[in-house]
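Reader: Hi! Could you walk me through this one, starting with how you define things?
Author: Happy to, let me put it up.

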Amino acid sequence: QIPAVISRLSENETESISQALNTCRRIIDSFANHIFPPSDKTFNLGGNELSLKENNVLNRINVYVYQNTESKNQRKKLKQNLTNLYSRVSSGVHSEIDNKEAKNLFLNVYLILGEILTLKN
């Protein structure tokens, strides 16, 4: 998927940028499926019951982060960054984002997922 994003971004066309951001979102979705597969169960996090179903991608990643780091500050930072990033790559499908911002979003996806992977004990 990463080569596809790079290829689409190099085209520097609105439709290609939208497709690249859609692929970024699917990378995050695939990542969630790999580190925390969907489940019909829920998880209590800070008094909130989080659904862990297929479409609850951010919930599943946040539970993974919660289970793999004890640092409240790191949990908070990752949750905020991931929520903002997922929102931006998702909105790219519906609104125009220029090539420079799209490239930065792609790099951020790569970096945050790498950071989350390094949490594993």
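Author: A salt bridge here is a side-chain nitrogen of Lys or Arg within 4 Å of a carboxyl oxygen of Asp or Glu. This is a predicted model, where local features need pLDDT of at least 70, side-chain atom pairs count only at pLDDT 80 or more, and totals for chains, interfaces and linings use all residues. Residues are numbered from 1 along each chain as its sequence is written, and side-chain values use heavy atoms, with hydrogens and water left out.

Reader: Great, how many salt bridges does a search of the whole structure find?
Author: The search finds 2. In one of them K77 pairs with E115, with the closest N and O atoms 2.8 Å apart. That pair links distant parts of the chain, since K77 sits in helix α4 (residues 72-91) and E115 in helix α5, 38 residues apart. Helices are DSSP runs of H or I with at least four residues, strands are runs of E with at least two, and both are numbered from the N terminus.

Reader: Which residue does E101 pair with?
Author: E101 forms a salt bridge with R88, and the closest N and O atoms are 2.5 Å apart. This pair also links distant parts of the chain, with E101 in helix α5 and R88 in helix α4, 13 residues apart.

Reader: Why does K77 count as partly exposed?
Author: K77 counts as partly exposed because its relative accessibility is 33%. Buried means under 20% relative accessible area, exposed means over 50%, and partly exposed is in between, using a 1.4 Å probe and protein chains only. E115 is partly exposed too, with a relative accessible area of 25%. For the other pair, E101 is at 29% and partly exposed, while R88 is partly exposed at 31%.

Reader: Switching topic: which residues make the nonpolar surface patch?
Author: I2, I6, Y110 and L111 make it, and the patch covers about 410 Å². Patches are made of residues with over 30% relative accessible area and no salt bridge; like charges are joined within 9 Å, and nonpolar side chains (Val, Leu, Ile, Met, Phe, Trp, Tyr) within 5 Å. The areas come from the Shrake-Rupley method with a 1.4 Å probe, and for residues only the protein chains shown count as cover.

Reader: Nice. Where does T69 lie?
Author: T69 lies in the loop between α3 (57-68) and α4. T69 is buried, at 10% relative accessibility, and a polar contact of 3.1 Å joins its side chain to that of Q74.

Reader: What about T42, which strand holds it?
Author: T42 lies in strand β1 (residues 42-45) and is partly exposed, with a relative accessible area of 49%. The side chains of T42 and E49 are joined by a polar contact of 2.7 Å.

Reader: Last one: what pattern does the chain follow along the sequence?
Author: Read along the sequence, the pattern is α-α-β-β-α-α-α, which comes to 5 helices and 2 strands. The radius of gyration, taken over C-alpha atoms, is compared with a globule rule of 2.2 Å times the number of residues to the power 0.38. With 121 residues, a compact globule would be near 14 Å, and the chain has 15 Å, which agrees. Of the 121 residues, 39% count as buried.

Key. A polar contact is a pair of N or O atoms within 3.5 Å; within protein, one must be able to donate a hydrogen and the other to accept it, and residues adjacent in sequence count only if both atoms are side-chain atoms.
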